[in-house]
Structure formats: C-alpha cells, structure tokens
Amino acid sequence: QVQLVESGGGSVQAGGSLRLSCAASGSTDGTYCMGWFRQAPGKEREWVASITTYTVSRYADFVKGRFTISKDNAKNTLYLQMNSLSPDDTAIYYCVADARAPCSGRLDYRDWGQGTQVTVSA
C-alpha cells in the first residue's frame, strides 16, 4: 500500500495560482498511476487529472489549460500546478495512486491521501 500526504493548499484570490504537492511513501515501486480528485461542499467528488509513470497525463475538461500535473519520480512526489483559479475551484483536493490502468478518471483508485483544502475567493 502507498501512503500519500498532500500539501500546498490554502486561500487565494480569483485569478491566482497554487501548487499542490503529494508525497508518496511505502510500496511505491508498483505505482503506475497517480492523480488528483477534488470535492467541493455539497458536491460529488470529481476527477481532476492523472499521470502515469511514463508521464502521460490526462485532464478533466474543466481544468484543461489551467492546471498542470507533473511528478518527480526520484522524490516520489506528485504536483498539481493550478493557475487562473476561480471560486468554482474551491474544494478539498485529494491525491490518489494505483498500480492499475487506465490512468484516468475511470479508475477506482486504491490509495488516497487525506486531502488539502483550496479556497478561492472572488
């Protein structure tokens, strides 16, 4: 199993940027896919982006062009650079990981972090 710890959340004004980090530890050798989900108050959890070990990335339509997912395999760390933030991006952001495919929003991810709060004010 992989342990995931998110950091980098906080409060920002609309139009601002944040970078989330996710440190992975434990049995990381078999991890093929990592990604981010988010859940806003009163809404269902939704997939944001994923990236494979070979750095092939996929994004939800609502973040394309604004968010960038990346990873540092040497540091076992996943990142999410978020630009042009809007109040609609306010949510708890969760880091996820799994050894399986497909590396997308269709995967039922095995490992989850505790989440980090992102708040965007108008």
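How many of the 122 residues of the chain count as buried? The share is 46%, and the views below show where some of these residues sit in this predicted model.

**View 1**
Welcome to the overview. The chain has 11 strands and zero helices, so to read the elements from the N terminus on is to read β-β-β-β-β-β-β-β-β-β-β. The C-alpha trace spans about 40 × 25 × 25 Å along its principal axes. For 122 residues, a compact globule would have a radius of gyration near 14 Å, and the 13 Å of this chain agrees with that. Among the contacts with a separation of 6 or more, 56% come from residues 24 or more positions apart.

**View 1. Strand S3 pairs with S1 and with S8.**
Start with strand S3, residues 18-26, and its antiparallel partner S1, residues 2-7; six bridges join them. To find your place between these two strands, look for Leu 4, which stands opposite Ala 24 in S3. S3 also pairs with strand S8, residues 77-82, in the antiparallel sense and over six bridges. Here the landmark is Ser 21, with Tyr 79 of S8 opposite.

Which sense, parallel or antiparallel, does the pairing of S2 and S11 have? Strand S2, residues 10-13, pairs with S11 in the parallel sense, over four bridges. Gln 13 marks the spot, standing opposite Ser 121 in S11. S9 and S11, in contrast, run antiparallel and are joined by three bridges. Ala 91 has Val 118 as its bridge partner in S11.

**View 2. Strand S11 has a covered and an uncovered face.**
Stay with S11, residues 116-121, and follow its side chains. In a regular strand, side chains alternate between the two faces of the sheet. Thr 116, Val 118 and Val 120 make up the covered face of S11. The uncovered face holds Gln 117, Thr 119 and Ser 121.

**View 3. Phe 37 and Tyr 109 meet edge-to-face.**
The structure holds four aromatic pairs, and one of them joins Phe 37 and Tyr 109. Their ring centres are 5.6 Å apart and their planes stand at 75 degrees; an angle over 60 counts as edge-to-face, so this pair is edge-to-face. The two residues come from distant parts of the chain, 72 residues apart: Phe 37 belongs to strand S4 (residues 33-39), while Tyr 109 lies in the loop between strand S9 (91-98) and strand S10 (111-112). Phe 37 is buried, with a relative accessible area of 8%, and Tyr 109 is buried too, at 4%.

**View 4. Tyr 94 and Trp 112 form another aromatic pair.**
This pair is also edge-to-face, with 6.1 Å from centre to centre and 65 degrees between the planes. Tyr 94 sits in strand S9 and Trp 112 in strand S10, 18 residues apart, which links distant parts of the chain. Are these two residues buried or partly exposed? Tyr 94 has a relative accessible area of 16% and is buried, whereas Trp 112, at 25%, is partly exposed.

**View 5. Four rings form a cluster, with an arginine over one of them.**
Step back to see both pairs together: ring pairs link Phe 37, Tyr 94, Tyr 109 and Trp 112 into a cluster. Arg 45 lies over the face of Phe 37, at 5.9 Å from the ring centre.

Conventions:
Residues numbered from 1 in each chain as written. Predicted model: local features only at pLDDT ≥ 70, side-chain atom pairs only at ≥ 80, totals over all residues. Heavy atoms only, no water. Pairing = 2+ DSSP bridges. Phe/Tyr/Trp six-rings, centres within 6.5 Å; stacked < 30°, edge-to-face > 60°. Buried < 20%, exposed > 50% of the residue type's maximum accessible area, 1.4 Å probe, protein only. Lys NZ or Arg CZ within 6 Å of the ring centre and 35° of its normal. Rg over C-alpha atoms; globule rule 2.2 N^0.38 Å. Contact = heavy atoms within 4.5 Å.
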